[in-house]
Amino acid sequence: MSAESVRRRITRRELHSPRSTAAIVVAVLIVVALAWVGTEIVIALLGLPALLVAPADMFASAVSLPEAPAAIVVAAGVVAVVIGLVLIVLALAPGRRPRHVLETERAATIVDSEVVASALARHASLAADVDPDHTTVSVSRRQAVVDLVPTSGIPVDRSSVSAAVDRELAGYGLRRSVSSRVRVRENGKVGA
């Protein structure tokens, strides 16, 4: 196995979240439902009153389902379809973690989006001459959004901030390019 293929595999593993949580939740729900049905069957065999529904009543209601009001049947069908679609989407859609890959030749370098956002906030606040506490940055898979709250009476040059953020993003060497958007609030804060 080549170093490049190992690096690609490690990178993919770090960028995509596993589906173990969803699988565990579904498995626990199925086990609880089967345990409940098994308990109801044992209780019925012992001749004791049912916890919730007796097995004979469950079977009778399932058999008489076509004779139930159409609204109830349709509602139950819609709920079953929605649950099924959610499970299919969870199974097939790639779960993405908020991380980015830095292009390096020696190793697979993964960085959290929060780290990129923190560095961009520092550079944006310096370029805008704004207090770092008045600068927030959110980084998604494809875009970094910089929000600046200027000090009252001191204008902020949006283009210089945008150029500083773009320069910083280009310096990281991210595998997938991240575009930037700078928003300057109209109402500034007094002092600071």
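Modeller: Happy to! Let's begin with a term for side chains: a residue is buried under 20% relative accessible area, exposed over 50% and partly exposed in between, using a 1.4 Å probe and protein chains only. This is a predicted model, so local features need pLDDT of at least 70 and side-chain atom pairs count only at pLDDT 80 or more, while totals for chains, interfaces and linings use all residues. Residues are numbered from 1 along each chain as its sequence is written, and side-chain values use heavy atoms, leaving out hydrogens and water.

The part I'd pick is the open sheet, built from three strands in the order E3-E4-E5 with mixed pairing. Its edge strands, each pairing on one side only, are E3 (135–139) and E5 (179–184). From one strand to the next, the twist averages 15°. Strands (E, at least two residues) and helices (H or I, at least four) are DSSP runs numbered from the N terminus, and two strands pair if DSSP finds at least two bridges between them. In general, strands of a sheet pair through backbone hydrogen bonds, either parallel or antiparallel.

Between E3 and E4 (residues 143–148) the pairing is antiparallel, over five bridges. Val139, for instance, has Ala144 in E4 as its bridge partner.

Two helices belong in this picture. Helix H5 (residues 113–128) packs on the sheet and touches E3 and E4, its direction making about 145° with that of E3. Helix H6 (residues 158–172) lies across E4 and E5, at about 150° to E5. Contact here means heavy atoms within 4.5 Å; the axes are lines fitted to C-alpha atoms, for helices over the stretch in contact, and angles run from 0 to 180 degrees between N-to-C directions.

Now for the side chains. A salt bridge is a side-chain nitrogen of Lys or Arg within 4 Å of a carboxyl oxygen of Asp or Glu, and the count by that rule comes to two. One of them joins Asp147 and Arg183, at 2.7 Å from N to O. Asp147 lies in E4 and Arg183 in E5, so this pair ties together parts that are 36 residues apart in sequence. How covered are the two partners, Asp147 and Arg183? Asp147 is buried, because its relative accessible area is 12%, whereas Arg183 counts as partly exposed at 37%.
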